[in-house]
Amino acid sequence: MQFHHHGYVSGDPRVQPAAGVGINRPEELPDEMDVLIVGSGPAGMLAAAQLSQFPDITTRIIERRDSRLVIGQADGIQARSVETFQAFGFAEEIIAEAYRITEMCFWRPDPENPQNIVRSGRALDDPTGISEFPHLIVNQARVLDYFARVMANSPTRMKPDYGYEFVDLEVDDDAEYPVTVTLRRTAGPDEGAERIVKAKYVVGCDGARSKVRQSIGSTLAGDAANHAWGVMDVLANTDFPDIRTKCAIQSSNGGSILHIPREGGHLFRMYVDLGEVAEDDNGAVRQTSIEEIIDKANAILHPYTLDVRNVAWHSVYEVGHRLTDRFDDVLPEQIGKRTPRVFITGDACHTHSAKAGQGMNVSMQDGFNIAWKLGHVLDGRAPESLLATYSAERQVVAKNLIDFDKEWSTLMAKKPEEFENPSDLEDFYVRTAEFPAGFMTEYTPSMLVGEARHQDLATGFTIGKRFKSAPVLRVCDTNPVQLGHQAKADGRWRIYVFADAAEAGTPSPTTELAEWLQNAPESPLAAQPADGDGDAWFDVKVIYQQDHTGIDLGAVPAVFKPQVGPFKLNDLTKVYGTDPEADIFEQRGLDRGGVVVVVRPDQYVANVLPLTATAELGEFFAPLLPARQAQR
């Protein structure tokens, strides 16, 4: 964590100085704003937390509830999400309070006595070490609390505006604030009163019944629900031996259970199979009582028993898989003719079962994706055409999620005798581990993702996939650190320069690249504000092949030691050597001749280039930067 560069800080260094719109921020919702976020769920809160880092952008997030969420329905946090939490500064804290999944147990009918269940197998949650971060279970409400803290401590001093319900919107592309939004008060002395506000952009994060989605004429389409599950968060005494381990439980005639221990050591969640839903059910299954769900769970767990002492929450849901045709307000015939003004995220554009633990996680990545793009457009860093990439990128991700969840849900609902091989469920869980961990997303070439012409130079950093961290050693203080953990959710691009074998400062492709980055008019760094920090828009880091004892910090080119803050202090934390016990060049398949890895603000690899490919690097950023746009 860096602080003191603006002067001595004696308080909590996570609290950034108020700046821009955060100075004397109005308590009441203003009449006009840059971005209006509708809904304070995971997608909305992450988007707000990201936009809160842009001091000159007015963002407000409204919520129809009158206060923070108390009990959340989602609880699974995949490793990719924990990586994201690291960028926002609270991964360690949430790991400490969460339940950590390390293993999954599989239970099937006892071949000798099918009325009983027996443990038939175990599977490691991350057998290949796909991430240094764990798979967690924690209440959704706590996730939102952490994002609320990030917002409150940000330069903009953002916080949710509770007690506002979205009613409708209209778009006039020619207006300064093109989106006119009608809101209704749901709390306070003026409850029921309607209010008109105007925004440049609106982000709908308002769930499966999204009114924002309805307002732009988009609909959810897909498979109708045909299977019901009762879900309950309970405190109970039981003789079931794996009550504190994640389990998939199949009985001979009672259906199945997906069992998820919760944080805190006692609470757990069970998804209890209620069977297929008749076409003429008309929602009757949703009236299943908690007592019936508990009885069903006991029948499945036989010969073990479940003595429920307290029910924190329960519900009944029917599995349905639906997806919208677009994630913004641009109609098919308008593509290329206008840029979007309204966006939808999360359950507003994709719905599926909860059992794969993907809903909250994919929704948060929706919010991350659109937020930094809005920040760059509104901050003058990028053209409006950048916003069209949101729907193009995230709709494919949602489609892949639904396809995966269909297969997982079908397997979970099968009867034991319907499997060709008794271990099919366990085998599927192990075989597809990368998907539920959140690492299967791979964006295709676009204005934000380069072609894989030089992928062989960095085989461990797949273009379009998330930047996978690895250990390095920071030269200035000799600290071993994870390289990926040094990237914060501050809206900046990352340019990682993995140096050739030459020593720091000696003539080499690395020093030539550094000179170009620092001084060439075609360098992306030349587009940065002249009166800002040397790394205002781009975080440029160098990783040498030597260990820290062989690197002369004084000889390192200046571009890797940018001047920051009002006192123009040299930032020495961007220079790294290899960890002798875990060489990043070996771990990530990096060419010893050197390579540049460009990473987007949302942590996805955008390009891989040789050190000498300055023209290609400049051309890649040309469509994304205002100064480059003017030169084209």
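Entry 1. I began with alanine 504 and asked myself: is alanine 504 buried or exposed? The model is predicted, and in it alanine 504 has 10% relative accessibility. Buried means under 20%, so alanine 504 counts as buried.

Entry 2. Next I wanted to know where alanine 504 is placed. I found alanine 504 in the loop between strand 23 (493-498) and helix 10 (509-519).

Entry 3. Which residues does alanine 504 touch, leaving aside neighbours within four places in sequence? I noted contacts with Tyr544, Ile551, Asp552, Ala555 and Val556.

Entry 4. Strand 23 pairs with strand 28 in the antiparallel sense, over five bridges. Here I saw arginine 494 opposite valine 599 in strand 28.

Entry 5. How many residues of strand 28 (residues 595-599) are buried? I wrote down five of five, so the strand is mostly covered by the under 20% cut-off. On one side Val595, Val597 and Val599 are buried, and on the other Val596 and Val598 are buried, which leaves both faces covered.

Entry 6. My last stop was strand 29 (residues 605-609), which runs antiparallel to strand 28 and is joined to it by four bridges. Valine 597 stands opposite valine 608 in strand 29. Strands 28 and 29 form a hairpin with five residues between them. In that turn, I noted a positive phi of about 80° for glutamine 603.

Conventions. Residues numbered from 1 in each chain as written. Predicted model: local features only at pLDDT ≥ 70, side-chain atom pairs only at ≥ 80, totals over all residues. Heavy atoms only, no water. Helix = DSSP H or I, 4+ residues; strand = E, 2+ residues; numbered from the N terminus. Buried < 20%, exposed > 50% of the residue type's maximum accessible area, 1.4 Å probe, protein only. Contact = heavy atoms within 4.5 Å. Pairing = 2+ DSSP bridges.
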